[in-house]
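Subject: Structure handover

Dear colleague,

Please find the structure below, followed by some notes on what was found in it. I would be glad if you read them with the model open beside you.

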Amino acid sequence: GIAFSFVYGMEVLNELGLHVNKLRVGNDNLFQSQVFSETISTLTHAPIEMLETTGAIGAARGAAFANGAFNSLAEAVSGDKLEKEYQPISKEYQAYSTAYENWKNNLLKT
């Protein structure tokens with residue numbers, strides 16, 4: 001359900017004109033789950049790059065950038081290293097898509 005909610009949010013962003021073709025995430029929380037990450041990657045057709053960082057570090061870098069410690073967000077994350085990558089699983093897309101559409105249809109009924 002959480003992965004489907006994430007995908008639904010990305011659909012809304014897509015409708016607003018923000019097209020996501022790759023996600024970069026820290027190595028924490030639900031992205032540590034292979035099932036969670038592969039579900040999102042498969043349904044969105046977007047690879048997920050897991051970096052050797054955490055959300056807390058990202059928040060600190062964002063605050064530092066806002067206060068002028070970095071010239072750009074790219075500079076703030078320039079030292080991050082790729083730890084793992086999840087790719088969409090084409091052979092599973094139909095099964096994942098059917099489950100997601102069932103979830104979404106039930107969600108929108110309420």
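The second largest pocket is lined by Val 7, Met 10, Glu 11, Asn 14, Leu 18, His 19, Val 20, Leu 43 and Thr 44. A pocket here is an open set of points on a 1 Å grid over the protein atoms alone, where a 1.4 Å probe fits and protein lies on both sides within 12 Å along at least five of seven lines, and lining residues have an atom within 4 Å of a point. The elements that give two or more residues to this lining are H1 and helix H2 (34-44), and H1 supplies the largest share, 4 residues. The volume of the second largest pocket is about 150 Å³, a volume being the space filled by probe spheres set on the points, which are joined across faces, edges and corners.

Before going further, please note that this is a predicted model, in which local features need pLDDT of at least 70 and side-chain atom pairs count only at pLDDT 80 or more, while totals for chains, interfaces and linings use all residues. Residues are numbered from 1 along each chain as its sequence is written, and side-chain values use heavy atoms, with hydrogens and water left out.

As for the overall fold, the protein chain has 5 helices and 3 strands, which follow one another from the N terminus as α-β-α-β-α-α-β-α; helices (H or I, at least four residues) and strands (E, at least two) are DSSP runs, numbered from the N terminus. Of its 110 residues, 29% count as buried, where buried means under 20% relative accessible area, exposed over 50%, and partly exposed in between (1.4 Å probe, protein chains only).

The largest pocket holds about 340 Å³ of space. It is lined by 15 residues, of which Arg 24, Leu 51, Arg 61, Val 77 and Asp 80 are the closest to its centre. Strand E1 (23-26), helix H3 (55-66) and helix H4 (73-76) each give two or more residues to the lining, with H3 contributing the largest share, 4 residues.

A salt bridge is a side-chain nitrogen of Lys or Arg within 4 Å of a carboxyl oxygen of Asp or Glu. Asp 80 sits in the loop between H4 and strand E3 (82-86) and Arg 61 in helix H3, so that this pair links distant parts of the chain, 19 residues apart. Asp 80 counts as buried at 18% relative accessibility, whereas Arg 61 is partly exposed at 21%.The structure holds 5 salt bridges, and another of them joins Lys 104 to Glu 11, with the closest N and O atoms 3.0 Å apart. Lys 104 lies in helix H5 (residues 93-109) and Glu 11 in helix H1, so the pair ties together parts that are 93 residues apart in sequence. Lys 104 is buried, with a relative accessible area of 13%, while Glu 11 is partly exposed at 26%.

With kind regards
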